[in-house]
Amino acid sequence: MKRAPMILIKLKGGLGNQMFQYALGRSLSLQRKAPLALDAVTGFRGDFYQRTYALDPFAVQARVLSLEELMEFYNQLSQRQREEAGRPYWQRSLVVEPTEMEFRHDARTQEAPPVACFDGYWQNEKYFTPHAELIR
């Protein structure tokens, strides 16, 4: 059974980090016409500063997934990762930022799978430039 398109952003770090991560997700959501979901749990586990989700004061256009939904998603993701071995990283269901602060235009490619989880800091406004005015 094919899953409906969805973008999942794994949040981590402080407010500024989370804002960049959300901006990437929102831009991809608009580009792909897919709903945006946020993982506000797993990225904060073991955080030295005990940071947590900090985007509540903002009008984010995303759904924060429950722990149960995240467990189901990541279980399915593990299975998909085995099936996707050998594909370029941006065509996988889990897209991990290759190195911090390095812009990778292919992270925004249309070739990515319809259900994708993005893990990284994505600290470059080029990731959301096409939708910057709306996101700001």
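Counting salt bridges here (a side-chain nitrogen of Lys or Arg within 4 Å of a carboxyl oxygen of Asp or Glu) gives six. This is a predicted model, so local features need pLDDT of at least 70 and side-chain atom pairs count only at pLDDT 80 or more, while totals for chains, interfaces and linings use all residues. Residues are numbered from 1 along each chain as its sequence is written, and side-chain values use heavy atoms, with hydrogens and water left out.

**Salt bridges**
- R51 pairs up with D47, with the closest N and O atoms 3.0 Å apart.
- D47 is buried at 14% relative accessible area, whereas R51 is partly exposed at 30% (buried is under 20%, exposed over 50%, partly exposed in between, using a 1.4 Å probe and protein chains only).
- E125 and R136 also meet in a salt bridge, at 3.3 Å from N to O.
- That pair links distant parts of the chain, eleven residues apart: E125 is in the loop between β5 (115–119) and α3, and R136 is in the segment after α3.
- R136 is exposed, at 69%, and E125 is partly exposed, at 45%.

**Helix α1**
- M19 sits in helix α1, residues 15–32 (helices are DSSP runs of H or I, at least four residues, and strands are runs of E, at least two, numbered from the N terminus).
- M19 is partly exposed, with a relative accessible area of 40%.
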